[in-house]
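Please find below a colleague's note on the structure shown here. It is arranged as numbered points.

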Amino acid sequence: MNVIVVGNGGREHTIAWKIAQSPKVEKVVCVPGNGGTAKESKCTNVEIKNCSYISGDENPYVQIAKHEGCTMAVIGPEDPLAEGLADEFWNAGIPCVGPKKQAAQLEASKDLSKEFMEKYGVACAKSQTFTDKKQAEAYIKEHGAPIVIKADGLAAGKGVVVAATEEEALEAVADLMEGGRVGTAGQKLVIEDYLQGVEISVLSAVSVTKEAVQNGTAAIIPFLPARDHKRLNDGAKGPNTGGMGAVCPLSDVTDDIMAQFNKECLEPTLKGMIAEGFDYRGFIFFGVMLTKDGPKLLEYNVRLGDPETQAVLPLMDFDFIEMCEAIVNCTLKNFKFSWKKGFQVAPVVVSGGYPGAYPKGKSIVIAEKAVEASGAKIFIAGARYDRRTGGGGLVTNGGRVLACSAFGRTFEEAWKNAYEAVDAVSFEGAFHRKDIGLPGAAESGQL
């Protein structure tokens with residue numbers, strides 16, 4: 001079978017790589033893909049602008065899928081999901097892994113998401129929503145800091161400010177509502193209590209339809225818990241980013257913690273999806289803070305996380321495309337999940353200046369033998385393949401450039417292997433954290 005993968009980040013490179021491992025798959029069509037998928041086995045990149053057959057009569061992704069003979073679609077990023085791309089694929093008779101538009105609003109609107117959590121009893125931080133700047137400022141002055149300011153709409157990971165002081169919070173409100181930092185996404189703000197603890201990410205497979213509910217097969221199945229490291233600098237310092245690295249599984253997350261998460265976060269979410277009549281066949285990831293009062297949901301993401309995907313998928317000891325088939329066929333509840341025994345560590349290498357302005361077009365040099373000796377897999381995110389350059393032909397094209405993901409039977413072994421691979425990668429301005437997965441590296445302590 002041929003599969004179309006929509007997206008061009010590190011998550012999509014990882015998904016395409018994992019799909020290509022299936023003996024069922026002949027070709028993975030990545031639209032548009034990146035410098036990693038350009039050289040991945042069984043994968044081919046396709047850009048809409050280069051397809052002469054594209055007409056205005058049908059969605060271009062659907063037209064590419066038909067042209068390439070794809071019988072399944074997997075959507076990586078949140079934007080096309082929020083815009084209803086999954087609906088387009090299903091309407092064209094192409095099974096799609098990714099929630100339909102109605103369900104995708106769980107990520108597209110922080111306000112709607114919080115309403116959903118409160119309606120169905122999901123454990124979460126208390127919050128209020130504002131469209132008026134003066135009212136938002138008055139709320140902050142009344143409640144004090146630390147406090148969390150979130151843009152309502154999609155903001156590519158740049159719409160959340162954890163403010164340590166009232167001044168920082170008020171500045172964030174002005175920046176988001178008037179400064180246009182994230183465009184129209186910041187015209188409405190969700191302001192919520194700051195939760196102290198350590199964050200985890202629970203990526204999960206979802207299969208919910210009205211038919212599945214009737215048959216008793218509606219399900220959300222969590223993967224191994226992972227941890228992203230959002231702050232730019234070691235020790236969880238500096239500005240928030242889209243993610244500086246991930247680790248999976250987590251030694252500090254016990255069976256009791258996961259049982260409490262299932263009861264207070266996952267099960268109410270499934271109940272809500274069923275009650276709302278969602279058609280949700282895809283992935284969801286729960287951003288969770290482990291507080292002294294137990295797990296509290298921070299946010300939903302209606303897709304796999306990035307860079308968590310780069311740490312979780314390599315540990316999957318099953319056929320990824322068979323899981324996708326179980327998702328779309330609503331047989332997920334009976335799918336057999338198995339995981340490699342060990343750890344995966346995936347530090348991210350970013351461009352100098354990230355998460356602010358950064359240069360592009362820097363040539364990337366990879367010492368292939370050193371990477372091979374480490375056993376790591378490099379997943380490309382913000383880099384493109386350019387035949388005109390020397391070496392491997394990769395040049396930077398984004399803030400988060402790549403992740404070096406490595407396995408180990410112990411965490412220490414995985415960590416050592418991952419950082420050996422990081423040391424084998426270089427480009428002008430390259431920067432990375434040196435503490436991914438270490439104690440305290442993702443703590444949200446006293447601000």
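The points below concern a predicted model and take up a sheet, a lysine and the aromatic side chains in turn.

1. Sheet order. Four strands form an open sheet in the order β6-β9-β7-β8, and their pairing is antiparallel. Strands β6 (127–130) and β8 (160–163) are the edges, each pairing on one side only. Direction ignored, neighbouring strands of this sheet are turned by 20° against each other on average.

2. Pairing of β7 with β9. Strand β7 (residues 147–151) runs antiparallel to strand β9 (residues 189–193), and five bridges join the two. Within this pairing, A151 stands opposite L189 in β9.

3. Helices on the sheet. Helix α8 (residues 166–177) packs on the sheet and touches β6, β7, β8 and β9; the direction of α8 makes about 5° with that of β7. Helix α7 (residues 133–143) lies across β6, β7 and β9, and runs at about 155° to β6.

4. Leaving aside neighbours within four places in sequence, K340 is in contact with P314, L315, M316, D317 and F407. A polar atom of the K340 side chain lies 3.1 Å from the backbone oxygen of P314. For a sense of distance, K340 and G440 are 100 residues apart in sequence, and their C-alpha atoms are 26 Å apart in space.

5. The whole structure contains 18 aromatic pairs. One of them joins F116 and Y300 edge-to-face, at 5.9 Å centre to centre and with 80° between the planes. F116 belongs to helix α6 (residues 110–119) and Y300 to strand β17 (residues 294–301), 184 residues apart. F116 has a relative accessible area of 5% and is therefore buried; Y300, at 2%, is likewise buried.

6. The pair F335 and F337. These two rings are also edge-to-face, at 5.0 Å centre to centre and with 80° between the planes. F335 counts as buried because its relative accessibility is 17%, whereas F337, at 22%, counts as partly exposed; the cut-off for buried is under 20%.

7. Aromatic cluster and a charge over a ring. F335 and F337 belong to one aromatic cluster together with F223, F283, F318, F320 and W339. Separately, R281 lies over the face of W90, at 3.9 Å from the ring centre.

Conventions. Residues are numbered from 1 along each chain as its sequence is written. This is a predicted model: local features need pLDDT of at least 70, side-chain atom pairs count only at pLDDT 80 or more; totals for chains, interfaces and linings use all residues. Side-chain values use heavy atoms; hydrogens and water are left out. Two strands pair if DSSP finds at least two bridges between them. Axes are lines fitted to C-alpha atoms, for helices over the stretch in contact, and angles run from 0 to 180 degrees between N-to-C directions. Contact means heavy atoms within 4.5 Å. A polar contact is a pair of N or O atoms within 3.5 Å; within protein, one must be able to donate a hydrogen and the other to accept it, and residues adjacent in sequence count only if both atoms are side-chain atoms. Rings of Phe, Tyr and Trp (its six-membered ring) pair if their centres lie within 6.5 Å; planes under 30 degrees apart count as stacked, over 60 as edge-to-face and the rest as tilted. Buried means under 20% relative accessible area, exposed over 50%, partly exposed in between (1.4 Å probe, protein chains only). A charge sits over a ring if NZ of Lys or CZ of Arg is within 6 Å of the ring centre and within 35 degrees of the ring normal.
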